[in-house]
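Me: I would like to go through a structure with you. Could you take my questions one at a time?

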Amino acid sequence: MGLALLLAPAPARAEFSGVDYTLTNQNEADFHGQDLANTSFAGATGRHANFAGANLHGAILTQAAFPQASFRGADLSGVLMDKVDFSGADFSDAVLSDVIAAGSNFAGAIVTNADFSEALIDRADQLQLCREAEGTNPRTGADTRLSLNC
């Protein structure tokens, strides 16, 4: 008679690798240079927060507020940033390729040298950003105006 060895399957592990800042107050928080890939800031507030040089690739910022925040030189590629208040935010030298930013507010945002390649942005926001857009992204070589389809 043979013995059957039954092994229980290993428990599944979540793929979420970022920290969860959902619905938190991050006003004036300093995240500069940090690896925040795949992190959730959904519904968070971050007035004057510093994300300069941070890696936010694949992060979730949906329905959040980051007025006057600095995203200078940050990697925001693939970020879900729909319905976010980015009024007065600084995106100089940032990579925003493949973002989904429908319904977001970019009033007064600085986008010098930013790369918006393949970004999904409302037409009104695109026209507004095109008024101030200039330069070439230092990492990707993308012309800001061309990446915004100005």
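Me: Is C150 buried or exposed, or something in between?
Reply: This is a predicted model. In it, C150 is partly exposed, because its relative accessible area is 42%, which falls between the 20% and 50% limits.

Me: Which residue does C150 form a disulfide with?
Reply: C150 is joined to C130, and the two sulfur atoms are 2.0 Å apart. The structure holds one disulfide.

Me: What is the handedness of the disulfide, and why?
Reply: The disulfide is left-handed, because the torsion about the S-S bond of C130 and C150 is about -90 degrees.

Me: And C130, buried or exposed?
Reply: C130 is buried, with a relative accessible area of 10%.

Me: Turning to the core, which residues touch the most other members?
Reply: The largest nonpolar core has 38 residues, and F71, L76, M81 and F91 touch the most other members.

Me: What is F71 in contact with, leaving aside neighbours within four places in sequence?
Reply: Its contacts include F51, L56, F66, L76, F86 and F91, and also D90 and S92.

Me: Now the surface: which residues form a nonpolar patch there?
Reply: I60, L80, I100 and L120 form one, with about 300 Å² of accessible area together.

Me: Where is I60, and how exposed is I60?
Reply: I60 is in the segment before α1 (123–132). I60 is partly exposed, at 33% relative accessible area.

Note on methods
Residues are numbered from 1 along each chain as its sequence is written. This is a predicted model: local features need pLDDT of at least 70, side-chain atom pairs count only at pLDDT 80 or more; totals for chains, interfaces and linings use all residues. Side-chain values use heavy atoms; hydrogens and water are left out. A nonpolar core is a set of buried Ala, Val, Leu, Ile, Met, Phe, Trp, Tyr and Cys residues joined through side-chain atoms within 4.5 Å. Buried means under 20% relative accessible area, exposed over 50%, partly exposed in between (1.4 Å probe, protein chains only). Contact means heavy atoms within 4.5 Å. Patches are made of residues with over 30% relative accessible area and no salt bridge: like charges are joined within 9 Å, nonpolar side chains (Val, Leu, Ile, Met, Phe, Trp, Tyr) within 5 Å. Accessible areas come from the Shrake-Rupley method with a 1.4 Å probe; for residues, only the protein chains shown count as cover. A salt bridge is a side-chain nitrogen of Lys or Arg within 4 Å of a carboxyl oxygen of Asp or Glu. Helices (H or I, at least four residues) and strands (E, at least two) are DSSP runs, numbered from the N terminus. A disulfide is a pair of cysteine sulfur atoms within 2.5 Å.
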